[in-house]
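Q: I have a structure open and would like to walk through it with you. Could we start with a term that will come up later, and then go from there?

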Amino acid sequence: RCWIGTIHSVAQRVLEQYGHTIGLPSELHIYERDQDRKTVFLQSLRDNGTDIDAFLNISDDREKKEREKIITQYMTQFSVVKRELLSEDEIRKKYESHDERFFEIYQAYQEALLKSGGIDFDDILVYGNRILLEQQWCAQIYRAKYKHLCVDEAQDLNKAQYEFVKSLCGDQIKSVLMVGDPNQMIYGFN
């Protein structure tokens, strides 16, 4: 038996089956479109009573054109936090010289995502990894099912992808083969 999928699709399968074990909604929505993520971000600011124009440092109509650019920068920074699996201390160290409220803003965004019943695309790996680490019995199911694991383009994995694969393998996978191909794929063999 062979199971082929991208790293994200494998992690998403883990989430769909076992996300409830870490408190994720059973009907989980994944925000993949940037516009949807931005909408959730702006709602998180409103929910915290933040004047969005003041927050974004916009004082006139001409500067409102910059609004989209600033919001996009936050979305990019949030993705970096997730792809690098940064801890609270690492986030504060990396971003608070530019914005002392960055960690609180990030937390509010994460809470707004969950409150809306969803997560964003980068969260798929974060939460998938968390399930495999915190719920060892879930990880054991996959380790029992797939004895060999091949990962394409392993040299291009970011930290979140690498840690997910590592959590998926554990100590019981007999072999891990990392091969180069244009797409990052996981091949699980029974």
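A: Let us begin with the word pocket, which here is an open set of grid points with protein on both sides within 12 Å along at least five of seven lines. Please keep in mind that the model is predicted.

Q: What lines the second largest pocket?
A: Its lining includes Phe-55, Leu-56, Ile-70, Tyr-95, Asp-99, Arg-101 and Phe-102, and by class it has 6 nonpolar, 3 polar and 2 charged residues. The largest share of that lining, 4 residues, comes from α4.

Q: And the largest pocket, which residues lie nearest its centre?
A: Of the 13 residues that line the largest pocket, Val-81, Leu-85, Leu-86, Tyr-106 and Val-126 lie nearest the centre. By class, this lining has 8 nonpolar, 1 polar and 4 charged residues.

Q: Which helices supply the lining of the largest pocket?
A: At least two residues each come from α4 (66-83), α5 (88-95), α6 (102-115) and α7, and α7 gives the most, with 4 residues.

Q: Back to Leu-85, where is it found?
A: Leu-85 sits in the loop between α4 and α5, and its backbone deserves a look, as Leu-85 has a positive phi of about 50° without being a glycine. Most residues other than glycine have a negative phi.

Q: Why does Leu-85 count as partly exposed?
A: Because its relative accessibility is 24%, and partly exposed covers values between the 20% cut-off for buried and the 50% cut-off for exposed.

Q: Let's change topic: how many helices and strands does the protein have?
A: The secondary structure comes to 9 helices and 6 strands, in a protein of 190 residues of which 44% are buried. Among contacts between residues at least 6 apart in sequence, 77% join residues at least 24 apart.

Q: What about the surface, how much of it belongs to carbon and sulfur atoms?
A: Carbon and sulfur atoms account for 46% of an accessible surface that comes to about 10500 Å².

Q: And inside, which residues have the most contacts in the largest nonpolar core?
A: Tyr-142 and Phe-164 have the most contacts inside that core, which has 29 residues. The elements giving two or more residues to this core are α1 (7-18), α7 (123-134), α8 (136-145), β4 (148-152) and α9 (159-169), and α1 gives the most, with 6 residues. Apart from this core lies another, of 23 residues, with Tyr-31, Ile-71, Val-81 and Leu-113 among them. As background, nonpolar side chains in soluble globular proteins tend to be buried together.

Q: Since α1 came up, what about His-8, is it buried or exposed?
A: His-8, which lies in helix α1, counts as buried because its relative accessibility is 15%, and the cut-off for buried is under 20%.

Q: What is His-8 in contact with, leaving aside its neighbours within four places in sequence?
A: Leaving those neighbours aside, His-8 is in contact with Phe-121, Ile-124, Leu-125 and Gln-161.

Q: How far apart are His-8 and Gln-161 in sequence and in space?
A: His-8 and Gln-161 are 153 residues apart in sequence, while in space they are 8.2 Å apart, C-alpha to C-alpha.

Methods: Residues are numbered from 1 along each chain as its sequence is written. This is a predicted model: local features need pLDDT of at least 70, side-chain atom pairs count only at pLDDT 80 or more; totals for chains, interfaces and linings use all residues. Side-chain values use heavy atoms; hydrogens and water are left out. Buried means under 20% relative accessible area, exposed over 50%, partly exposed in between (1.4 Å probe, protein chains only). Contact means heavy atoms within 4.5 Å. Accessible areas come from the Shrake-Rupley method with a 1.4 Å probe; for residues, only the protein chains shown count as cover. A nonpolar core is a set of buried Ala, Val, Leu, Ile, Met, Phe, Trp, Tyr and Cys residues joined through side-chain atoms within 4.5 Å. On a 1 Å grid over the protein atoms alone, a cavity is a set of points where a 1.4 Å probe fits but cannot get out, and a pocket is an open set with protein on both sides within 12 Å along at least five of seven lines; lining residues have an atom within 4 Å of a point. Ala, Val, Leu, Ile, Met, Phe, Trp, Tyr, Cys and Pro count as nonpolar, Asp, Glu, Lys and Arg as charged, and the others, Gly among them, as polar.
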